[in-house]
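Colleague: I am new to this structure and would like to learn how to read it. Could we go through it feature by feature?

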Amino acid sequence: MSIVVTGATGALGRLVIDALLTGTPAGPSVPAESVVAVVRDKAKAADLAERGVELRIADYSRPETLAGAFEAGDRVLLISGSEVGQRVAQHAAVIDAARAAGVAQLAYTGVLGGDEADFDLAAEHKETERLILASGLPYTLLRNGWYTENYTANLAPVLAHGAVVSNAGEGRVASAARADYAAAAAAVLTGPAEEHLGRAYELSGDTAWSLAEYAAEVAARSGREITYRSVSAGTHLEILTGAGVPEPFAAILVDVDRAVERGALARRTGDLTRLIGRPTTPIAVTIEEALAAS
Ligand SMILES: NC(=O)c1ccc[n+]([C@@H]2O[C@H](COP(=O)([O-])OP(=O)(O)OC[C@H]3O[C@@H](n4cnc5c(N)ncnc54)[C@H](OP(=O)(O)O)[C@@H]3O)[C@@H](O)[C@H]2O)c1
């Protein structure tokens with residue numbers, strides 16, 4: 001019986017493995033030999049193997065490769081894939097493999113709001129949750145809100161133009177750092193299963209902030225003049241595509257901002273801070289880290 005993390009070479013997956021191996025305020029460390037990383041690219045996972053983690057090679061798009069990914073009694077984290085449009089079939093293949101193996105827990109990284117999330121990116125998560133429930137597997141749903149890093153990854157153009165541009169209006173985002181969501185995943189994989197099975201956690205940051213507040217925080221931390229430029233959805237789409245963002249991805253970003261304006265990503269339940277046993281990471285900290293790395 002192992003703790004198995006799929007998508008382990010991704011940004012969240014690496015943080016989950018790290019939280020498992022080093023421990024968190026909410027959970028002790030676990031020995032590397034009881035942790036398995038499911039990856040599609042073995043070379044990319046060399047550092048994980050060096051830490052003593054077992055690698056199993058599988059691709060969500062090739063169901064035959066998933067046959068050996070799980071074993072009976074494993075506690076599994078399915079990290080949602082990044083290939084938008086293909087994810088329902090991919091996740092269905094992972095769920096089938098988990099059911100065939102007889103895993104003891106399937107945790108899944110969905111989206112804040114679950115069934116009620118009404119933006120385009122949520123559709124594949126909602127369908128995946130439906131498949132998990134229909135599978136009869138013992139499950140835990142980790143409905144992740146936004147990563148603060150979604151914003152700080154885009155600091156270079158913000159600093160270059162002195163503006164945060166968005167069609168989210170005065171909408172607020174209860175984001176948290178990726179490492180906060182990773183610590184929550186580690187807690188549900190290592191904590192008493194009976195406490196977490198059959199539960200859906202709505203995970204988000206302790207504080208919801210507006211894009212104007214985000215711009216002010218970047219200004220304060222960087223010492224630069226940064227303003228918030230609130231634009232219409234159409235203008236934002238033009239700006240993004242004009243800057244070279246492919247139209248389908250730009251449309252997704254604009255749709256997310258509309259959701260932010262409606263308050264869909266501002267929900268705060270306290271689930272994340274309760275699971276990780278500490279406050280979530282303030283945006284100022286994540287901004288500082290991004291500035292230091294730039
Ligand atoms: N809550 C949020 O704000 C937010 C933001 C962005 C994304 N997400 C979702 O959360 C997930 C994790 O976030 P992240 O930041 O860790 O994203 P990420 O760095 O892009 O990681 C995605 C992981 O999925 C793996 N993957 C993708 N397609 C696969 C396939 N066909 N077979 C096997 N593995 C596959 C990737 O493998 P490789 O390492 O080989 O590429 C990678 O390990 C994302 O995939 C996405 O579903 C959430």
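Modeller: Start with pairing: two strands pair if DSSP finds at least two bridges between them. Helices (H or I, at least four residues) and strands (E, at least two) are themselves DSSP runs, numbered from the N terminus. Here strand 1 (residues 3–6) runs parallel to strand 2 (residues 35–39), and four bridges join them. Within that pair, valine 4 stands opposite valine 36.

Colleague: Before we go on, what kind of model is this, and how are residues numbered?

Modeller: This is a predicted model, in which local features need pLDDT of at least 70 and side-chain atom pairs count only at pLDDT 80 or more, while totals for chains, interfaces and linings use all residues. Residues are numbered from 1 along each chain as its sequence is written, and side-chain values use heavy atoms, with hydrogens and water left out.

Colleague: Which strand does strand 1 pair with over three bridges?

Modeller: That is strand 4 (residues 75–78), and the pairing is again in the parallel sense. Isoleucine 3 stands opposite arginine 75, and valine 4 stands opposite valine 76.

Colleague: How do I tell whether a strand is covered?

Modeller: Look at relative accessible area: buried means under 20%, exposed over 50%, and partly exposed in between (1.4 Å probe, protein chains only). In strand 1, Ile3 and Val5 lie on one side and Val4 and Thr6 on the other, and all are buried.

Colleague: How many residues of strand 6 (residues 139–144) are buried?

Modeller: Five of its six, which makes strand 6 mostly covered.

Colleague: Which strands does strand 5 (residues 105–111) pair with?

Modeller: Strand 5 pairs with strand 4 over four bridges, in the parallel sense. Strand 5 also pairs with strand 6, over six bridges and again in the parallel sense. Strand 6 in turn pairs with strand 9 (residues 199–203) in the parallel sense over five bridges, with asparagine 144 opposite leucine 203.

Colleague: What does the handedness of a crossover refer to?

Modeller: Point the strands away from the viewer; the crossover is right-handed if the path from the first strand over the helix to the second runs clockwise. Strand 4, helix 3 and strand 5 make a right-handed β-α-β unit. Another right-handed unit consists of strand 5, helix 4 (residues 122–135) and strand 6.

Colleague: Now the ligand. Which residues come nearest to it?

Modeller: A residue is near a molecule if one of its heavy atoms lies within 4 Å of it. There are 23 residues around the ligand, and Thr9, Leu12, Lys44, Ser80 and Asn150 come nearest. To sort such a shell by class, count Ala, Val, Leu, Ile, Met, Phe, Trp, Tyr, Cys and Pro as nonpolar, Asp, Glu, Lys and Arg as charged, and the others, Gly among them, as polar. On that basis the shell has seven nonpolar, ten polar and six charged residues.

Colleague: What distances separate ligand atoms from polar backbone atoms?

Modeller: A polar contact is a pair of N or O atoms within 3.5 Å. A backbone N or O atom of serine 80 lies 2.6 Å from an oxygen atom of the ligand. A polar backbone atom of tyrosine 60 is 2.8 Å from a ligand nitrogen atom, and for glycine 145 a backbone N or O atom lies 2.9 Å from a nitrogen atom of the ligand.

Colleague: How much of the ligand is buried by the protein?

Modeller: Accessible areas come from the Shrake-Rupley method with a 1.4 Å probe. Taken alone the ligand exposes 890 Å², and the protein buries 82% of that. Helix 1 and helix 3 (87–101) are the elements that give two or more residues to the shell.

Colleague: Is valine 260 buried or exposed, and why?

Modeller: Valine 260 counts as buried because its relative accessibility is 0%. Valine 260 is found in helix 11 (residues 247–262). By contrast, arginine 221, in helix 9, counts as partly exposed because its relative accessibility is 38%.

Colleague: How far from arginine 221 is glutamate 288?

Modeller: The two are 67 residues apart in sequence and 6.5 Å apart in space, C-alpha to C-alpha.

Key:
Polar contact = N/O pair within 3.5 Å; in protein donor to acceptor, adjacent residues only side chain to side chain.
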